[in-house]
Amino acid sequence: MKLLALGMALLTPLWGSGTLAAGVTAAAFRKLQSLAGDWEGKDEQGNMVRSNFKLMVSGTAVMETLNHSGMGEMVTFYTVDEDSIALLHFCPTNNQPRMRATPSEGDIKELAFSFEGAGNLPSTAIGHEHKLVLEFQNKNHIVERWTWRAKGKDTEMVYHLVRKAGS
């Protein structure tokens, strides 16, 4: 009996941390869900950017369709994956980067997604989206910082977006 009690005492912190991580991840995903609707803005060069966030699959996924002046449409899916949020990006370059963000405790101000691999990308030297930092400035303003990597060189594309009235 003492051995069982000792085992339970040792495992309780592990269960508790899993619950804490799940709660933090759920809160971060609710932030993503709250983006549902139409957004528009500009990149740092003043080019027009439009985005739409849509809840999918009974709210278990968020789909973002991003249109940037001069580029093809991009679609990104965000979903909860245990203690983190997974991202699958469909790029006009015909590769599909996978990234992951593990939110930290406290008020979620940003999610930093890091590259984990990609479909249809035979070499990471080929151009691909490698990182996304999504900043939640307030309920009507977000900033997306996409990092494009090609031949080991990073180029950041920054989109300042504002929720369209009525969205």
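Modeller: Gladly, and please keep in mind that this is a predicted model. Let's start with Leu111: leaving aside neighbours within four places in sequence, Leu111 is in contact with Ala28, Leu32, Ile85, Ala101, Pro103, Leu132, Val133, Leu134 and Phe136.

Biologist: What makes these count as contacts?

Modeller: The rule is heavy atoms within 4.5 Å. Each residue on the list for Leu111 is in contact in that sense.

Biologist: Which residues touch the most other members of the largest nonpolar core?

Modeller: Leu111 is one of them, together with Leu32, Tyr78 and Phe113, in a core of 27 residues. Helix α1, residues 2-33, gives the largest share of this core, with 4 residues. As background, nonpolar side chains in soluble globular proteins tend to be buried together.

Biologist: Why is Ala61 called buried?

Modeller: Buried means under 20% relative accessible area. Ala61 has 6% relative accessibility, so Ala61 counts as buried. Its place is in strand β3. Leaving aside neighbours within four places in sequence, Ala61 is in contact with Phe29, Lys54, Leu55, Met56, Tyr78 and Thr79. Ala61 and Leu32 are 29 residues apart in sequence, with 9.3 Å between their C-alpha atoms.

Biologist: What runs as a closed barrel here?

Modeller: The barrel has 10 strands, in the order β1-β2-β3-β4-β5-β6-β7-β8-β9-β10, with antiparallel pairing. From one strand to the next, the twist averages 25°.

Biologist: How do you know that β1 pairs with β10?

Modeller: Two strands pair if there are at least two bridges between them. Strand β1 (residues 37-43) and strand β10 (residues 153-163) are joined by 5 bridges, so they pair, and they run antiparallel. Lys42, for example, has His160 in β10 as its bridge partner.

Biologist: How many bridges are there between β9 and β10?

Modeller: There are 10 bridges between strand β9 (residues 141-150) and β10, again in the antiparallel sense. Arg145 stands opposite Val158 in β10. In the hairpin of β9 and β10, 2 residues lie between the strands, and Lys151 takes a positive phi near 50°. Strands β7 and β8 are also antiparallel, joined by 5 bridges, and Glu110 stands opposite Glu135 in β8.

Biologist: Why is the pair Lys164 and Glu40 called a salt bridge?

Modeller: A salt bridge needs a side-chain nitrogen of Lys or Arg within 4 Å of a carboxyl oxygen of Asp or Glu. In this pair the closest N and O atoms are 4.0 Å apart, so the pair is counted as a salt bridge. The pair links distant parts of the chain: Lys164 is in the segment after β10 and Glu40 in strand β1, 124 residues apart. Lys164 is partly exposed at 37%, and Glu40 is partly exposed at 28%.

Biologist: How many salt bridges does the whole structure have?

Modeller: The search finds 9. Another is Asp81 with Arg100, where the closest N and O atoms are 2.8 Å apart. Asp81 lies in strand β4 (residues 74-81) and Arg100 in strand β6 (residues 96-101), so the pair ties together parts 19 residues apart in sequence. Asp81 is partly exposed at 30%, as is Arg100 at 25%.

Biologist: Which residues do salt bridges with shared partners join into one network?

Modeller: Lys109 forms a salt bridge with Asp107, the closest N and O atoms being 3.0 Å apart. Salt bridges that share partners join Lys31, Asp107 and Lys109 into one network. Lys109 has a relative accessible area of 54%, so Lys109 is exposed, and Asp107 is exposed at 55%.

Notes: Residues numbered from 1 in each chain as written. Predicted model: local features only at pLDDT ≥ 70, side-chain atom pairs only at ≥ 80, totals over all residues. Heavy atoms only, no water. Core = buried A, V, L, I, M, F, W, Y, C linked by side-chain atoms within 4.5 Å. Buried < 20%, exposed > 50% of the residue type's maximum accessible area, 1.4 Å probe, protein only. Axes fitted to C-alpha atoms, helices over the stretch in contact; angles between N-to-C directions.
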